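Let's take a walk through the open spaces of a protein model.

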Amino acid sequence: MAEYPRTTLFILEKEDWVNAKSLAEKLGYDSVSEYIFDLLRADREHKISYHSLFLELEKYYELEHYTLGLVADRAGFPERILINLMQKFELPFPEKKEIENTRMIHKLLLQYRLVPREVDNILRLKNESLRRPVLSDADILSAVLPNISERTTEVLTLT
């Protein structure tokens with residue numbers, strides 16, 4: 001790691017620190033400081049809002065129950081701005097969700113150093129399989145869709 005001037009950061013929320021440390025490792029940063037300063041740079045360049053947008057758009061392209069209205073609400077954008085941003089990044093508004101659209105959003109996620117849902121799913125499944133020798137269908141579904149309301153809505157939409 002390169003030599004940087006040192007400072008002391010106070011840990012205000014232990015859980016946030018643990019999450020930041022975990023994400024920094026997953027994303028290949030040498031330290032949490034690099035991750036934090038990368039986030040600060042993204043915020044300064046007005047890219048930070050894209051992070052939540054891309055994460056929500058990934059759900060839109062992958063989950064049947066996700067609508068553009070839901071993406072706009074959760075990303076914190078009015079729908080017309082959401083549509084303008086999708087046009088800016090040349091993202092389609094599919095009637096039917098297709099694998100090509102998922103590939104496009106994954107490319108954007110990686111470009112902005114964000115972890116696609118599939119990577120998180122694999123890590124959660126690995127942790128679950130280490131805790132229990134045999135996973136039930138419900139355990140697997142809970143690991144892949146940890147949010148109970150999203151899980152319920154997606155299952156009901158598909159069935």
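Predicted model: local features only at pLDDT ≥ 70, side-chain atom pairs only at ≥ 80, totals over all residues.

Residues are numbered from 1 along each chain as its sequence is written, and side-chain values use heavy atoms, with hydrogens and water left out.

Start with the largest pocket, which holds about 830 Å³ of space. A pocket here is an open set of points on a 1 Å grid over the protein atoms alone, where a 1.4 Å probe fits, with protein on both sides within 12 Å along at least five of seven lines; lining residues have an atom within 4 Å of a point. The volume is the space filled by probe spheres set on the points, which are joined across faces, edges and corners. Lining this pocket are 35 residues, and L23, Y35, L55, L114 and V115 are the closest to its centre. Two or more lining residues come from each of α1 (14–26), α2 (32–44), α3 (48–62) and α7 (117–131), helices being DSSP runs of H or I with at least four residues, numbered from the N terminus. The top contributor is α3, with six residues.

Now move to the second largest pocket, with a volume of about 670 Å³. Its lining has 24 residues, and those closest to the centre are L9, S31, V32, S33 and F37. Here α1 and α2 are the elements giving two or more residues, and α2 gives the most, with seven.
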